[in-house]
2 protein chains.
Amino acid sequence: MANYDVKSEVNDKFSLRGRVYHKIRDNILSGVYKENEELKEVSIGEELGVSRTPVREAFRQLELEGLIQIIPNKGAYVTGITIKDVEDIYMMRSKLEGLAARWATTNITKEQMEEMEENIYLSEFHASKGHMEQIAVLDNRFHEIIYEACNSKMLEHQLRDFHEYVLRVRKRTLSQFKRSSESTKEHREIMEAIKAGDADRAEEAANRHIVNAYDNMIKNGLKEIYERGLV
Amino acid sequence: MANYDVKSEVNDKFSLRGRVYHKIRDNILSGVYKENEELKEVSIGEELGVSRTPVREAFRQLELEGLIQIIPNKGAYVTGITIKDVEDIYMMRSKLEGLAARWATTNITKEQMEEMEENIYLSEFHASKGHMEQIAVLDNRFHEIIYEACNSKMLEHQLRDFHEYVLRVRKRTLSQFKRSSESTKEHREIMEAIKAGDADRAEEAANRHIVNAYDNMIKNGLKEIYERGLV
DNA sequence: TCTTGTATGATTGTATACAATTATACCAAA
DNA sequence: TTTGGTATAATTGTATACAATCATACAAGA
């Protein structure tokens, strides 16, 4: 009967196996590997200094995620995240982030609440100064806190993936001064609702936050890259 | 430059590689492999008549899904779907199925619409006769049609997984005569709304359908297996 | 008895070998 | 020139070999 510490080492980014998977995944999500590009096991292996075996294992995972497509006896081809995917993800997030905020309202720990408040304070500071790089990091972390606090493995896993899939778009839109301060304001609303224990208001605010982010994305900057296919 | 038929052979259930993955997955989801059970690469390989390599690749995929946990240099342990997971999935589905129905309203093809209508007719017949086995199959298919018709790779993939994860519970609750006829009635409402092109009504009906299924599940039969952990 | 160290076996991690399949090049025939 | 076929090369699929790590058993000592 197994009785190991469950928290540690699940698909660790720093273990060799995790490294190969994450490296390829990052290269797909960041656009290093482009749409329809063929990924050869030996080439990728050489890039990362490993043999075909760990690469193949990573390929299987990426296929399951839908980031690549493996055609038997032919090869692995980059699918990546298309503009359509990003739009769909935002619509799905606009339903699910609220649920996460709702659950976080009743499950958030004292430490998580404190980190969230600190996150808001810092974000407001950096937003006023126009420090876009820090804003992006804090924005990421804000959502991560909610995912962790919602106490649902399923929802956390799903939203974390979505969050990573749309990273490139988010970075672009958050680098707009106007949107970054709006976003921070919306984060505060969510935080206040969670702190007040008002799950309804937290859900509504979180959903609205994603809808606003989506609208902003559509208005600015998404259309111009529409033609290229991948984000 | 790759230019293959994209539809075919993605993680095919009948290719060797897909077979290993799906077989292990089914054994987890159906409860053949129990919670915390250790899965040994050689044993599983012998069961399926393959070497460690394909088994390891399947393990990596299952780990990504969260169905098993791999502890480096130790082993693979079944996580499976817990009661808590099922509850969470139903809440998430109650937000997402509506979205799928909404999108299906504008994207459904003539063929899909016809299959859906036929599905309802057959379901009503079998529901009145108490043919529970057929009801389960038709219920599955009804939701599958919506997933296919919603025209969103992301949403389809997600809902299909959820659907499979809660299969055991659904089979149990659908075997109740009362719920199966209620469910069929709700399916008809969704179908009528989609056919009428009323996306709002389709979304509302689909979400309510999942909420009803969830409530019924809580009332009947989920509590008694609560203690066992896995569904 | 309990603890600790060591040896042995079991299991996983990775690399490599071999088989099967597919892509490419080249030549011959129309 | 174009087409078709064959040989060769490249690539993937799977099995296996070897290394590294971990679990277990057992004995020695306190």
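This is a predicted model: local features need pLDDT of at least 70, side-chain atom pairs count only at pLDDT 80 or more; totals for chains, interfaces and linings use all residues.
Residues are numbered from 1 along each chain as its sequence is written, chains are lettered from A in the order in which they are written, and side-chain values use heavy atoms, without hydrogens and water.

Strands here are DSSP runs of E with at least two residues, and helices are runs of H or I with at least four, numbered from the N terminus. Two strands pair if DSSP finds at least two bridges between them. In chain B, strand β2 (residues 68–71) pairs with β3(B) in the antiparallel sense over four bridges. These two strands form a hairpin with three residues between them, and B:N73 in the turn has a positive phi of about 65 degrees. Strand β1 (residues 38–39) of chain B is also antiparallel to β3(B), joined to it by two bridges, and B:E38 stands opposite B:Y77.

The interface between the chains comes next. Contact (heavy atoms within 4.5 Å) involves 49 residues from chain A and 48 residues from chain B. The rule finds eight salt bridges across this interface, a salt bridge being a side-chain nitrogen of Lys or Arg within 4 Å of a carboxyl oxygen of Asp or Glu. One of them joins A:E57 to B:R56, with the closest N and O atoms 3.0 Å apart. On the side of chain A that touches chain B, α4(A) gives the largest share, ten residues.
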